[in-house]
Amino acid sequence: MNFAELHNQNDPLLIANVWNAISAVAAQKAGYQALGTSSAAIAATLGYEDGQSMPFDELLYVVTRIRAISNLPLSVDMEAGYGDSAEKIAANLRCLAQIGVSGVNLEDSRIINHVRQLDDASGFSGTLKSVCDTLKNEGYDLFLNVRTDTYLLAHERALQETLLRGQLYKAAGADGLFVPCLTSERDISIIANATGLPLNVMCMPDLPSFGRLKLAGVSRISMGNFVHSALQSKLTDLMHTIRLNQTFEGLFADESCR
C-alpha cells in the first residue's frame, strides 16, 4: 500500500509521531505502518519555540536523518509551509519530495506576535491551490494533509467553520483534513461524512477510543508531541532523582545482573 492508500484501510491509520532518528527506529520496531514528524517535538529538541521559529534547513536535516534509517512512509509537519508565498512553500515541499517524503501537514493558522491566529479561509485556499498545482505540474506526488485550527483555537462556530474550510481545501487540492483538538464523536462523524476528505484527529485526553473513532469515520490518528512530552517529563524526573539521591542505582533497576 502507498501512503494515500493507508488512509482507506478498514481501521484508521495510526501515525507514529517522531522527532529524530532514534524515535523513528523505535516506531519502526514497534510495527507502525507510517511515521509523521512533530514540529513541536523537533523544535523543542533543537532548542526552538514551536511556530516556525526553527529554520527550514534544520528541519530538513532532521527529516533527512529519519529517512536515512527508516523506509516507512513519512509525513512531515510543515506548519504553515516555512514560507510567505506559494512559490516558497512549493519549493520547500519539493525538497522534501526529492528525499522521499510521502506527505506533509500544512496548517491554516500562524503565530503572530506570540498569538496563534486563523488565516483567512479564502486566502489560504488560494495559496494551497497554487502549491498543489505547482507540485502536480512538476510530477511530485505528496499527500497534502491540511490542518485547520478551528477547534484548537475554540472558534465560536467551530463545526460550521470546519465544514466550510474542509470544502474549500478539498476544492483547492487537499488530500486529507486534520482537525486537532476535535474530540466530539458527533462532530467527528459530521465532518468525516461532509467533507469527502480522509479525516485526521489527534491524541487528546478526552479523545474517544480508537474503536469509536473508526465508527465515527476517522481515517487517521496522530500523536502530536504528546509522546515526546511524556518522555521529556520522565527524563526531567530521572535527572532530578540522580542529583538528589547522589546515586545511579535507579538506572539499573530493571537489569537482571550487574
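Me: Before we start, what are the ground rules here?
Reply: The model is predicted, so local features need pLDDT of at least 70 and side-chain atom pairs count only at pLDDT 80 or more, while totals for chains, interfaces and linings use all residues. Residues are numbered from 1 along each chain as its sequence is written, and side-chain values use heavy atoms, with hydrogens and water left out.

Me: OK, what span should α6 have, and how far apart are its end C-alpha atoms?
Reply: Helix α6 covers residues 158–172, and at 1.5 Å a residue its 15 residues should span 21 Å, which agrees with end C-alpha atoms that are 21 Å apart. The expected span is 1.5 Å times one less than the number of residues, and helices (H or I, at least four residues) and strands (E, at least two) are DSSP runs, numbered from the N terminus.

Me: Which α6 residues are buried, and what covers them?
Reply: The buried ones (under 20% relative accessible area, with exposed over 50%, partly exposed in between, 1.4 Å probe, protein chains only) include Leu 159, Leu 163, Gly 166 and Tyr 169. Their cover, counted as contact between heavy atoms within 4.5 Å, includes β7 (115–118), α5 (121–137), β8 (143–147), β9 (176–178) and α7 (185–195).

Me: How do α6 and α7 pack?
Reply: Their axes, lines fitted to C-alpha atoms over the stretch in contact, with angles from 0 to 180 degrees between N-to-C directions, are 10 Å apart at an angle of about 25°. The two helices are therefore roughly parallel to each other, a label for angles under 35 degrees, where over 145 is roughly antiparallel, 65 to 115 roughly perpendicular and the rest oblique.

Me: Switching topic, how many aromatic pairs are there?
Reply: A search of the whole structure finds 3, and among them Phe 3 and Phe 143 are edge-to-face, 5.6 Å centre to centre with 85° between the planes. Rings of Phe, Tyr and Trp (its six-membered ring) pair if their centres lie within 6.5 Å, with planes under 30 degrees apart stacked, over 60 edge-to-face and the rest tilted.

Me: Are those two Phe residues buried or exposed?
Reply: Both Phe 3 and Phe 143 are buried.
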